[in-house]
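Have a look at it first, then read on.

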Amino acid sequence: DEVARNRPDAFEGSLCSFCGQLCNANRIELARICCRECGWDQCHMPCLIKETTVRQRKALEEGVEPETEIPCPRVSERGLCKGDIVRFSKSDGEKRGRIPREVAAMLGHFNFDGGMSMEEQDMAVACTIRCKDLEKGTDPAVLQAVFGMYGEVLDCKVIEQDKKTEAYVRFRTLPGAQAALSEDAKQINPCVVEKLPSLFKGGSIGSSNKLEYPIIVRNFSQQTTPLQLQQYFSRFGEVA
(Lines give C-alpha, C1' and ligand atoms only; values in the text may rest on other atoms or scores of the structure.)
Protein backbone atom coordinates (compact mmCIF):
# COMPACT_ATOMS: atom_id res chain seq x y z
CA ASP A 1 0.00 0.00 0.00
CA GLU A 2 1.94 3.02 -1.28
CA VAL A 3 -0.20 5.52 0.65
CA ALA A 4 0.36 3.73 3.94
CA ARG A 5 4.05 3.32 3.17
CA ASN A 6 4.49 7.08 3.20
CA ARG A 7 2.49 7.74 6.35
CA PRO A 8 4.74 7.73 9.45
CA ASP A 9 1.78 6.86 11.73
CA ALA A 10 0.42 3.81 9.88
CA PHE A 11 2.45 0.92 11.26
CA GLU A 12 0.97 -0.27 14.57
CA GLY A 13 0.75 -4.05 14.20
CA SER A 14 3.42 -4.27 11.48
CA LEU A 15 6.80 -6.00 11.85
CA CYS A 16 9.98 -4.35 13.11
CA SER A 17 12.31 -3.58 10.19
CA PHE A 18 15.34 -4.80 12.16
CA CYS A 19 14.30 -7.93 14.07
CA GLY A 20 11.13 -8.92 12.19
CA GLN A 21 9.04 -9.20 15.39
CA LEU A 22 5.56 -7.74 15.77
CA CYS A 23 5.35 -4.04 16.63
CA ASN A 24 3.10 -3.56 19.65
CA ALA A 25 3.27 -0.23 21.47
CA ASN A 26 1.79 -1.85 24.59
CA ARG A 27 4.87 -4.06 24.91
CA ILE A 28 7.82 -2.08 23.61
CA GLU A 29 8.48 1.49 22.49
CA LEU A 30 8.28 2.00 18.75
CA ALA A 31 10.12 4.30 16.37
CA ARG A 32 9.57 5.27 12.75
CA ILE A 33 12.34 5.32 10.18
CA CYS A 34 12.31 6.67 6.65
CA CYS A 35 14.42 5.23 3.85
CA ARG A 36 15.19 7.36 0.80
CA GLU A 37 14.22 4.40 -1.40
CA CYS A 38 11.21 2.71 0.24
CA GLY A 39 9.75 5.41 2.51
CA TRP A 40 8.52 5.11 6.11
CA ASP A 41 8.60 1.92 8.16
CA GLN A 42 8.27 0.88 11.80
CA CYS A 43 10.79 -0.61 14.21
CA HIS A 44 11.41 -1.23 17.89
CA MET A 45 13.25 1.63 19.58
CA PRO A 46 15.73 -0.78 21.29
CA CYS A 47 16.58 -2.27 17.87
CA LEU A 48 17.23 1.19 16.41
CA ILE A 49 19.44 2.10 19.39
CA LYS A 50 21.41 -1.09 18.95
CA GLU A 51 22.09 -0.40 15.26
CA THR A 52 22.86 3.34 15.44
CA THR A 53 24.88 5.82 17.47
CA VAL A 54 23.58 8.80 19.43
CA ARG A 55 24.98 11.19 16.80
CA GLN A 56 23.32 9.31 13.95
CA ARG A 57 19.92 9.35 15.66
CA LYS A 58 20.24 13.04 16.49
CA ALA A 59 21.02 13.86 12.87
CA LEU A 60 18.10 11.75 11.61
CA GLU A 61 15.71 13.35 14.07
CA GLU A 62 16.78 16.82 12.92
CA GLY A 63 16.39 15.85 9.27
CA VAL A 64 20.14 15.99 8.59
CA GLU A 65 21.94 13.16 6.86
CA PRO A 66 24.34 11.44 9.32
CA GLU A 67 28.07 11.40 8.56
CA THR A 68 27.95 7.61 8.28
CA GLU A 69 25.16 6.08 6.22
CA ILE A 70 22.70 3.72 7.94
CA PRO A 71 21.65 0.97 5.52
CA CYS A 72 17.92 0.32 5.36
CA PRO A 73 17.18 -3.09 6.96
CA ARG A 74 13.91 -3.66 5.09
CA VAL A 75 13.60 -6.84 3.06
CA SER A 76 10.92 -7.24 0.37
CA GLU A 77 10.16 -9.78 -2.34
CA ARG A 78 12.85 -8.08 -4.42
CA GLY A 79 15.44 -8.64 -1.70
CA LEU A 80 17.27 -6.31 0.70
CA CYS A 81 16.62 -2.62 0.17
CA LYS A 82 19.68 -0.78 -1.15
CA GLY A 83 18.67 2.60 0.29
CA ASP A 84 19.72 4.26 3.54
CA ILE A 85 17.77 5.75 6.45
CA VAL A 86 17.36 9.53 6.19
CA ARG A 87 14.75 10.33 8.87
CA PHE A 88 13.69 9.02 12.26
CA SER A 89 10.84 9.94 14.57
CA LYS A 90 10.01 8.65 18.02
CA SER A 91 6.76 6.99 18.96
CA ASP A 92 4.14 9.44 20.24
CA GLY A 93 3.91 7.30 23.37
CA GLU A 94 0.11 7.51 23.66
CA LYS A 95 -0.13 3.91 24.82
CA ARG A 96 2.80 3.49 27.16
CA GLY A 97 4.90 6.61 27.41
CA ARG A 98 8.51 7.08 26.44
CA ILE A 99 11.01 4.48 27.66
CA PRO A 100 14.01 6.07 29.42
CA ARG A 101 17.08 6.16 27.16
CA GLU A 102 19.21 3.92 29.36
CA VAL A 103 16.43 1.33 29.60
CA ALA A 104 15.89 1.28 25.83
CA ALA A 105 19.64 0.83 25.38
CA MET A 106 19.70 -2.06 27.84
CA LEU A 107 16.76 -3.82 26.15
CA GLY A 108 18.47 -3.45 22.78
CA HIS A 109 21.87 -4.74 23.89
CA PHE A 110 20.33 -7.79 25.54
CA ASN A 111 18.29 -8.54 22.39
CA PHE A 112 14.91 -8.44 24.16
CA ASP A 113 12.28 -8.50 21.41
CA GLY A 114 8.70 -7.34 21.14
CA GLY A 115 7.41 -10.82 22.08
CA MET A 116 8.05 -10.16 25.77
CA SER A 117 5.22 -8.73 27.81
CA MET A 118 5.79 -5.35 29.42
CA GLU A 119 5.76 -7.03 32.85
CA GLU A 120 8.50 -9.46 31.75
CA GLN A 121 10.58 -6.61 30.37
CA ASP A 122 10.11 -4.61 33.55
CA MET A 123 11.28 -7.51 35.70
CA ALA A 124 14.34 -7.90 33.46
CA VAL A 125 15.04 -4.18 33.94
CA ALA A 126 14.63 -4.49 37.71
CA CYS A 127 17.17 -7.35 37.76
CA THR A 128 19.73 -5.30 35.81
CA ILE A 129 22.18 -2.68 37.08
CA ARG A 130 24.03 -0.04 35.09
CA CYS A 131 27.77 0.39 35.67
CA LYS A 132 29.22 3.79 34.69
CA ASP A 133 32.66 5.37 34.34
CA LEU A 134 34.43 2.15 33.37
CA GLU A 135 37.89 2.04 31.84
CA LYS A 136 38.07 1.43 28.10
CA GLY A 137 38.59 -2.23 27.33
CA THR A 138 36.88 -3.49 30.50
CA ASP A 139 36.43 -7.27 30.29
CA PRO A 140 32.78 -8.41 30.79
CA ALA A 141 34.08 -11.58 32.46
CA VAL A 142 35.78 -9.48 35.15
CA LEU A 143 32.56 -7.59 35.91
CA GLN A 144 30.62 -10.84 35.95
CA ALA A 145 33.05 -12.28 38.49
CA VAL A 146 32.97 -9.13 40.65
CA PHE A 147 29.19 -8.84 40.80
CA GLY A 148 28.76 -12.60 41.09
CA MET A 149 29.29 -12.20 44.84
CA TYR A 150 25.83 -10.64 45.08
CA GLY A 151 23.93 -13.25 43.07
CA GLU A 152 23.95 -15.31 39.89
CA VAL A 153 24.75 -13.12 36.87
CA LEU A 154 22.91 -14.10 33.70
CA ASP A 155 24.73 -11.76 31.33
CA CYS A 156 27.00 -8.76 31.19
CA LYS A 157 27.30 -6.31 28.29
CA VAL A 158 30.05 -3.69 28.02
CA ILE A 159 29.27 -0.80 25.67
CA GLU A 160 31.88 1.66 24.39
CA GLN A 161 30.26 4.61 22.64
CA ASP A 162 30.98 8.33 22.32
CA LYS A 163 34.23 7.98 24.33
CA LYS A 164 32.32 6.52 27.28
CA THR A 165 32.41 2.97 28.62
CA GLU A 166 29.56 1.53 30.64
CA ALA A 167 28.04 -1.88 31.24
CA TYR A 168 24.75 -3.57 32.05
CA VAL A 169 24.90 -6.51 34.46
CA ARG A 170 21.77 -8.67 34.54
CA PHE A 171 21.08 -10.88 37.56
CA ARG A 172 18.85 -13.95 37.55
CA THR A 173 16.85 -12.69 40.54
CA LEU A 174 15.83 -9.36 42.00
CA PRO A 175 17.69 -9.85 45.33
CA GLY A 176 20.98 -10.03 43.42
CA ALA A 177 20.42 -6.60 41.87
CA GLN A 178 19.25 -5.22 45.22
CA ALA A 179 22.39 -6.47 46.94
CA ALA A 180 24.64 -4.89 44.28
CA LEU A 181 22.85 -1.55 44.82
CA SER A 182 23.07 -1.59 48.62
CA GLU A 183 25.04 1.04 50.50
CA ASP A 184 27.55 -1.58 51.69
CA ALA A 185 28.13 -2.73 48.11
CA LYS A 186 28.73 0.83 46.91
CA GLN A 187 31.73 1.05 49.24
CA ILE A 188 33.56 -1.83 47.49
CA ASN A 189 32.21 -1.78 43.93
CA PRO A 190 34.91 -0.90 41.36
CA CYS A 191 32.62 1.54 39.52
CA VAL A 192 29.57 3.76 39.86
CA VAL A 193 26.46 1.55 39.97
CA GLU A 194 22.92 2.75 39.25
CA LYS A 195 19.49 1.21 39.13
CA LEU A 196 17.38 1.61 36.00
CA PRO A 197 13.99 3.37 35.89
CA SER A 198 10.83 1.31 35.60
CA LEU A 199 9.15 0.87 32.23
CA PHE A 200 5.85 1.74 33.89
CA LYS A 201 5.07 5.45 33.99
CA GLY A 202 5.45 6.62 37.57
CA GLY A 203 6.74 3.18 38.57
CA SER A 204 8.49 2.75 41.88
CA ILE A 205 11.65 1.17 40.48
CA GLY A 206 13.10 4.48 39.37
CA SER A 207 11.58 6.72 42.00
CA SER A 208 12.63 5.27 45.35
CA ASN A 209 15.49 3.53 47.09
CA LYS A 210 13.59 0.24 47.03
CA LEU A 211 13.09 -2.01 44.05
CA GLU A 212 9.41 -2.92 44.12
CA TYR A 213 7.67 -5.20 41.67
CA PRO A 214 4.00 -6.21 41.43
CA ILE A 215 3.00 -9.79 40.65
CA ILE A 216 -0.28 -11.20 39.34
CA VAL A 217 -1.86 -14.09 41.25
CA ARG A 218 -4.45 -16.24 39.47
CA ASN A 219 -6.58 -19.35 40.07
CA PHE A 220 -6.91 -19.05 43.85
CA SER A 221 -10.01 -19.83 45.87
CA GLN A 222 -12.75 -17.21 46.06
CA GLN A 223 -12.61 -17.56 49.84
CA THR A 224 -8.98 -16.34 49.90
CA THR A 225 -8.63 -13.01 51.68
CA PRO A 226 -6.09 -10.22 50.95
CA LEU A 227 -4.60 -10.81 54.42
CA GLN A 228 -3.98 -14.49 53.63
CA LEU A 229 -2.23 -13.58 50.39
CA GLN A 230 -0.11 -10.97 52.15
CA GLN A 231 0.90 -13.43 54.87
CA TYR A 232 1.79 -16.09 52.30
CA PHE A 233 3.93 -13.87 50.06
CA SER A 234 5.62 -12.05 52.95
CA ARG A 235 7.93 -15.07 53.29
CA PHE A 236 9.61 -13.96 50.07
CA GLY A 237 9.99 -10.31 51.00
CA GLU A 238 8.19 -7.23 52.25
CA VAL A 239 4.70 -6.88 50.79
CA ALA A 240 3.75 -3.24 50.17
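Which exposed residues does the face of α3 turned away from its buried side carry? They are R55 and K58. Exposed means over 50% relative accessible area, buried means under 20%, and partly exposed is in between (1.4 Å probe, protein chains only).

Before going further, note that this is a predicted model: local features need pLDDT of at least 70, side-chain atom pairs count only at pLDDT 80 or more, and totals for chains, interfaces and linings use all residues. Residues are numbered from 1 along each chain as its sequence is written, and side-chain values use heavy atoms, leaving out hydrogens and water.

Back to helix α3, which spans residues 54-61 and has Q56, R57, A59 and L60 buried. Looking down the axis of α3, you'd find its buried residues within an arc of 160°, so they line one face of the helix. (The arc is taken from the directions from the helix axis to the C-beta atoms.) Those buried residues pack against α2 and β5. After α3 comes G63, with a positive phi near 80°.

Here are the elements around that spot; helices (H or I, at least four residues) and strands (E, at least two) are DSSP runs, numbered from the N terminus.

| Element | Residues |
|---|---|
| α2 | 45-51 |
| α3 | 54-61 |
| β5 | 85-90 |

Now for D133, which isn't a glycine but still has a positive phi of about 60°. D133 sits in the loop between β6 and α6, and it is exposed, with a relative accessible area of 62%.

Zooming out, the protein has nine helices and nine strands, and buried residues make up 41% of its 240 residues.

Technical notes. Contact = heavy atoms within 4.5 Å.
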